[in-house]
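Visitor: Please take a close look at one helix in this model and at what surrounds it. One connected account will do.

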Amino acid sequence: MVAATSISDCDSQVYQRLPGCPVVLRFVALRVLSSSQLVISPLCRSAAGDVVAFQDMYGVLLVLALLVPLYLLRRPAAAGSPSRCLVVVQGDLCRSPRMQYHVLSLLKRGFHVDLLGYCANRDHLIPELLPFLTLNIVTLREVAFKPHGIIQYIFKVLVQTWFLLVALATCTKPRFMLMQNPPCIPTMAVLALFRLVWNCSLVYDWHNYGYTILGLSVGQKHPLYRISKVYERLLGKCADDNICVTSAMCQDLLSNWGIEATTLYDKAPSRFRELQSAERKHFLESCAFLQGEELNGKAVIVSSTSWTPDEDFSILLNALVEYDKSASASNDLPQLVCLITGKGPEKEFYVGKIAELSLSKVTIKTPWLEADDYPKLIGSADLGVCLHTSSSGLDLPMKVVDMFGCNLPVCAMQFECISELVQDDVNGLLFTDSSQLAAHLQRLFHSSNQQRDLLRMRSHLRHSSGHRWDQEWDSKFLPILNKL
């Protein structure tokens, strides 16, 4: 069974693990922990905002000013275990499959792993992790409000810093730390500090650039965007080694920031596979969200999303509206069942848009799937759709990797480095707008085509899907691990 560190456990462990510090400092630390929600709440409710923010920030700044001496006053830590590592995600662990795959690979090789991040329910992690007794999940407290303006943003970062420091204080000194980037604020700065305090190695896994994601919400002319870019460039050089998700990002890191990295491509684990016809029929009939839906003669398309600004789902909805018009006017196009999985900040907005549509040949459902069912749904579909565009143009969508693991052809949005994954008209089709996507859907499912293009793409994927995550990790990350 997986061990888990709760919020209250973190509070008491911080107190117990800092015996060399003055009692007053330990008291202040626990006092802020117990009142953190009271500090955040008035900031969220305040109409004026700034006055309350300054008042509350004073207390937080005082504690954080005492925090570094508090850590430095600790008794010397024991040498880090050569078989212990710390994996840090300042985000939802359940929505970070790549980091979970890292953890699984480390556990299989005998490591004791502390996995730190937001985790409301560890049962939503990939099921392969749960049997390991050498996995300890350290729950990171989340700051659940959206800042408006620089003052509130600074306040949020300070509180996040405090929560991260508290969580790290409950962890045992590791041989190395592996951090997902983004988010990089304040994680990079905090782990750079702990790299010195613990005298351990630090590895960054670059999924994207944090400053480009921030730019989606504040704009590229905002001071926070420029500060974030400088911060990420400077602290990005603090790691002992780096890995990234694409060759394009690897080249960009080197040419623009002088950071050398190894490209470790996302690959689907073995649980992602194409279901046979009997398995497919049984699974789809067992899905509660498809009860009462007659699937005979219908094509099933699937899309997975985090419902974030870098995916414009209006493109898919407009394409489905166009397909619906064509299918209503012709008997040569089958009815479609479109299943969009995932959760995120813009889901309610798009669910409202879907409810306003009047479609007769297309059914759209937005289920949330358990970790066990997600690979089965992909393995049961006829076509995948990906709307990911990347804020930097340098990362690749994990959902397409999962689809290819199930030998599922994909229609993917065109952007800078997507060709590293999707080869147009070989294992999928690329599109730039809703009209082109609608044309692809009509081409692939038209009765005259008899799904020849889909079968050809599936055949290509079947012959090229042998290289899985374990092989990629062993060939790329294991040599790095041996050097740390």
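Guide: The buried residues of helix H9 pack against strand E6 (201-206), helix H7 (210-218), helix H8 (223-235), strand E7 (241-244) and strand E8 (262-263). The model is a predicted one. H9 itself covers residues 247-257, and its buried residues are Ala 248, Met 249, Cys 250, Leu 253 and Trp 257. Just after H9 comes Gly 258, with a positive phi of about 70 degrees.

Trp 257 also belongs to an aromatic cluster, in which ring pairs link it with Tyr 204, Trp 206, Tyr 209, Tyr 211 and Tyr 225. In the structure there are 16 aromatic pairs. One of them joins Tyr 204 to Trp 206, edge-to-face, at 6.0 Å centre to centre and with 85 degrees between the planes. Both Tyr 204 and Trp 206 are buried.

Two of the helices that H9 packs against, H7 and H8, also pack against each other, at an angle of about 175 degrees and with their axes 9 Å apart. Angles over 145 degrees count as roughly antiparallel, so H7 is roughly antiparallel to H8. On the H7 side the contact involves Gly 210, Tyr 211, Thr 212, Leu 214, Gly 215 and Val 218. These residues meet Leu 224, Tyr 225, Ser 228, Lys 229 and Glu 232 of H8. Sorted by class, the contact of H7 with H8 has five nonpolar, four polar and two charged residues. Tyr 211 of H7 and Tyr 225 of H8 take part in this contact, and Tyr 211 and Tyr 225 are also among the members of the ring cluster that includes Trp 257.

Two further details concern other parts of the model. The charged end of Arg 141 sits over the ring of Phe 163, at 5.1 Å from the ring centre. Asp 92 lies in strand E2, which spans residues 84-92. Its relative accessibility is 23%, so Asp 92 counts as partly exposed. Apart from neighbours within four places in sequence, Asp 92 is in contact with Tyr 118 and Lys 343. Asp 92 and Tyr 118 are 26 residues apart in sequence, while their C-alpha atoms are 4.6 Å apart in space.

Note on methods. Residues are numbered from 1 along each chain as its sequence is written. This is a predicted model: local features need pLDDT of at least 70, side-chain atom pairs count only at pLDDT 80 or more; totals for chains, interfaces and linings use all residues. Side-chain values use heavy atoms; hydrogens and water are left out. Buried means under 20% relative accessible area, exposed over 50%, partly exposed in between (1.4 Å probe, protein chains only). Helices (H or I, at least four residues) and strands (E, at least two) are DSSP runs, numbered from the N terminus. Contact means heavy atoms within 4.5 Å. Rings of Phe, Tyr and Trp (its six-membered ring) pair if their centres lie within 6.5 Å; planes under 30 degrees apart count as stacked, over 60 as edge-to-face and the rest as tilted. A charge sits over a ring if NZ of Lys or CZ of Arg is within 6 Å of the ring centre and within 35 degrees of the ring normal. Axes are lines fitted to C-alpha atoms, for helices over the stretch in contact, and angles run from 0 to 180 degrees between N-to-C directions. Angles under 35 degrees count as roughly parallel, over 145 as roughly antiparallel, 65 to 115 as roughly perpendicular and the rest as oblique. Ala, Val, Leu, Ile, Met, Phe, Trp, Tyr, Cys and Pro count as nonpolar, Asp, Glu, Lys and Arg as charged, and the others, Gly among them, as polar.
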